[in-house]
Amino acid sequence: MNSDTIALNLQPIAGENLTGIGQYALAISKELVAIDGQESFEGHIFDFLGRNKASDLVSKLLKINDMHIVTSMPLGAYIRAGNMAKICSYERLTRSNANVTVFFNYLVPQALKGKSIITIYDMVCERYPETMDDRNRRLLQNHLRQSANKADAIVTISDFSKKEIAEILGVPSSKVFVAKCGVDSNFYCPNDSENSRQEEKTKLQESYGIDKFFLYVGTLEPRKNLGVLIDAFEGVAKDYPDVKLVIAGGVGWHSEEMLSKIENSSFKNRIIRTGYVSDEMKRDLYRNCEALVLPSLYEGFGMPVVEAMACAAQCIVSSSSSLPEVSGGFAQEVDSQDVEGFSKAMARILVKDDKVLVSKEDLISNSKKFDWHTAAMVYKEAILFAK
């Protein structure tokens, strides 16, 4: 094995419409390649029978000279095989020459012989297992503890999650590194051109029929607590007939109850579901919303908060998990179950209450605490630790 070559398991970016994990893995990988050069890395992708054309998708997003594609089985199946998979080591299966392999999605195959780094974003599988997709919950509950023990280093995305990992999985905190999510401040930024701002507003009006609106960004899944958001919006909508709620994100697991709640709302015509949106459209939504509202029960980080603040958007967040850490005191914080509290917070934004409005300068300043280069350097520390 080559101690100078690092392998990156790029499975989270081997698909379309990247989720938060995929965006994180892509941003970190780009920074690592920019720091050390393409020749320092291997890329690993599992694409069973080549059905997903994953190699083409990844090559459009990330340039690594040495890409290894496994078409004989899915990665999940290889991980679930546990020790049985040792009849064909991970290195043999991927034709890997690396001494250290970085995994961006929680788990490491037990059949890996070399050093490993895993990325654990949160401990929702233990704290709120009922909010997860059944298949993913079983996979994590069956294999995460074993993976954490096997891994030579663990990277997570907030101080909150580091504490959770050490407490629940019983691993030494010294092997858990915190690489907080970053934001591309050249892309996520306020629009200072009056003409361009008007073009954005026209595009949003034509696309979704929205002008004055609150914004939620994320997958529709139980831990995002959208039921509370919808109830809170209904409380505001009665008094402010021109305001709408925009829910930007794809449909996730166990979403039937949330979709039914929207459909049965008295204000369903003012609740706009965009589905998955491009980064450009997401930025336009941040720039033009009254506020981002993130009422999550549990977050390992909460990327929309930093992206929104970089665009100088007001934020209302639940006071749970990592969100106070990420918002840095520059958002209204509400208990995740307090419907009335969220309604009041939104109303205070609408009436421009100076006691809660945060200056553009403070919002942007807080967002600048989070950058991908710093996060990538933490991975380099973890790699050295693992070696």
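Tutor: Start with Y240. Leaving out residues up to four places away in sequence, Y240 touches R270, A347, L350 and V351. Contact here means heavy atoms within 4.5 Å. This is a predicted model, where local features need pLDDT of at least 70, side-chain atom pairs count only at pLDDT 80 or more, and totals for chains, interfaces and linings use all residues. Residues are numbered from 1 along each chain as its sequence is written, and side-chain values use heavy atoms, with hydrogens and water left out.

Where does Y240 sit? It lies in the loop between helix 9 (226-237) and strand 9 (243-248). Helices (H or I, at least four residues) and strands (E, at least two) are DSSP runs, numbered from the N terminus. Y240 is partly exposed, at 24% relative accessible area. The cut-offs are under 20% for buried, over 50% for exposed, and partly exposed in between, with a 1.4 Å probe and protein chains only.

In sequence, Y240 and L350 are 110 residues apart. In space, their C-alpha atoms are 8.6 Å apart.

L350 leads on to E290. Apart from neighbours within four places in sequence, E290 is in contact with K212, F213, F214, Q314, I349, L350 and K352. E290 belongs to the loop between helix 11 (279-288) and strand 11 (291-294). E290 is buried, because its relative accessible area is 15%. Its side chain makes a polar contact with the side chain of K352, at 3.5 Å. A polar contact is a pair of N or O atoms within 3.5 Å; within protein, one must be able to donate a hydrogen and the other to accept it, and residues adjacent in sequence count only if both atoms are side-chain atoms.

T156 is in strand 6 (residues 153-156). T156 is buried, at 0% relative accessible area. Its side chain reaches the backbone oxygen of I120 at 2.6 Å. Beyond four places in sequence, T156 touches a list of residues, among them Y24, I120, Y121, V176 and F177.

Then an exposed case. K369 lies in the loop between helix 15 (360-367) and helix 16 (372-386). K369 counts as exposed, since its relative accessibility is 54%. K369 and K180 are 189 residues apart in sequence and 9.4 Å apart in space, C-alpha to C-alpha.

N17 sits between strand 1 (2-9) and helix 1 (20-36). R95 sits between helix 4 (90-94) and strand 4 (98-103). N17 has a positive phi of about 55°, although it is not a glycine. R95 also has a positive phi of about 55° and is not a glycine.

Last, the whole protein. It has 16 helices and 13 strands. Of its 387 residues, 55% count as buried. Among contacts between residues at least 6 apart in sequence, 73% join residues at least 24 apart. The C-alpha atoms fill a box of roughly 65 × 40 × 40 Å along the principal axes.
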